[in-house]
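Colleague: I have a model open and want to learn how to read it. Can we go through it together?

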Amino acid sequence: MTAAIRQYLVITGNYWAFTLTDGALRMLVVLHFHQLGYSPLEIALLFIFYEFFGVVTNLVGGYLGARMGLNRTMNIGLFLQIVALGMLAVPAAMLTVPWVMAAQALSGIAKDLNKMSAKSGIKLLVPDEHQGKLYKWVAILTGSKNTLKGVGFFLGGVLLMTAGFTGAVVFMAVALGLVWLASLFLLKQELGKSKAKPKFREILSKSRAINVLSASRMFLFGARDVWFVVALPVYLHTVFGWDFWKVGGFMALWVIGYGFVQTIAPRVTGSMKGKQSAVLWATTLALIPAGIAVGLMAGWSPQVVIVGGLLLFGVLFAINSSLHSYLIVSYARGDGVSLDVGFYYMSNAAGRLLGTILSGWIYQSYGLGACLWISAGLVAIAALLSLMLPERRPVMA
């Protein structure tokens, strides 16, 4: 086993462990506070700082990764998630909205430090001329992460039913603490540290390709979260009458399947990974939420329309996401890669923030159908922006 593969496995293992707790915590918060009587908009507000600080973290985190090394930013992310989980293990009387929002803010910082470090680290382990291998490694990392996030959704529902909210967060904090200790010893010390000390003003990308891709990513992820984050789980529970096991289990299976499709995206998209592919797959994706909304308006069976439509949306969104994840790593500079990747995932976090706020507000005010129409519009904007991307050469094996 080469040194590069060993580091890839350590990075991936860290990312997996973190993702399990991240997915479980999101499901725990949504279901637990819905159970306490919080409205969809109030639940969405609990995640505002999580997403907002993700925007800030990706900007500053990319700079810190280039200055300090990606091993340190990844380990800091793991540690902050442990602290965030500990904050939620307090007595129920202390779980006020400001307290939970603060814990979610810390978790958002932790998540994006971890993700930025993992995605940037892969760039440094693959020679630039091996674009095919880079695409496959990024697809495996991204897809496996989302598969485990789905497992985390299911884990969150199970832990809430069996151990209660406090018991669940304590269990996850202890498990992640063990992963953090192992990472301190196993992760290469100077991974991703820039040879030339970057200046703080360099956190804003000067690359047209990265700016365009980042804008497209923002609308793409806003389109997913506008109906997936709050509206869908609440709809499944209140309209379909599903219990927490079914809601958590269904969403877990969706994300697991979504992650699997991401890992095989290189086989689906073929050898060309540039503007044409990005435009084609985004345009196709925009048709799905619009089709679901039309089906609901026509009075078709909601169970068939939503479940079937969500499966189609998951497949197409996974391909779009995996293609974008490869493109940013490919476009990024070799020295100071975390600056470009951090800027890109800042836009990703901004899209999630936009989608999260809209998910609670639009669903509470206008229902799931309106969330779906907005989702279709946001994907269409992402497709239009992709027209401005530069062409890429065919991917080499």
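Predicted model: local features only at pLDDT ≥ 70, side-chain atom pairs only at ≥ 80, totals over all residues.

Colleague: At what angle do α8 and α9 pack?

Modeller: Their angle is about 25 degrees, and the axes are 5 Å apart. Angles under 35 degrees count as roughly parallel. So α8 and α9 are roughly parallel to each other. To find them, take residues 208–228 for α8 and residues 231–238 for α9.

Colleague: How do α8 and α15 cross?

Modeller: Their axes come within 8 Å and cross at roughly 165 degrees. Over 145 degrees counts as roughly antiparallel. That makes α8 roughly antiparallel to α15. The crossing of this pair is left-handed.

Colleague: Which residues make the contact between α8 and α15?

Modeller: From α8, they include V212, F219, L220 and W227. From α15, they include L368, L372, L378 and L385. By class, 16 are nonpolar, four are polar and none is charged. Note that V226 and W227 of α8 meet α9, and V226 and W227 also take part in the contact with α15.

Colleague: Next pair. Are α12 and α13 roughly parallel or antiparallel?

Modeller: Use the angle again. Helix α12 covers residues 275–297, and α13 covers residues 302–331. Their axes come within 9 Å and cross at roughly 165 degrees. α12 and α13 are therefore roughly antiparallel. Their crossing is left-handed. Among the contact residues are W281, L285, I288 and I292 in α12, and V305, L312, F313 and L316 in α13. The contact divides into 18 nonpolar residues, five polar and no charged.

Colleague: Which helix has the lowest mean pLDDT, and which the highest?

Modeller: Helix α3, residues 48–68, has the lowest among the elements, at 72. Helix α15, residues 368–386, has the highest, at 93. The mean for the chain is 79, and 81% of its residues reach 70 or more.

Colleague: Over which residues is the pLDDT below 50?

Modeller: Over residues 393–397. Beyond near neighbours in sequence, that stretch has 17 contacts in the model.

Terms used
Residues numbered from 1 in each chain as written. Heavy atoms only, no water. Axes fitted to C-alpha atoms, helices over the stretch in contact; angles between N-to-C directions. Helix = DSSP H or I, 4+ residues; strand = E, 2+ residues; numbered from the N terminus. Parallel < 35°, antiparallel > 145°, perpendicular 65-115°, else oblique. Left-handed = near helix turned anticlockwise from the far one by under 90°. Contact = heavy atoms within 4.5 Å. Nonpolar A, V, L, I, M, F, W, Y, C, P; charged D, E, K, R; others polar. pLDDT = per-residue confidence, 0-100.
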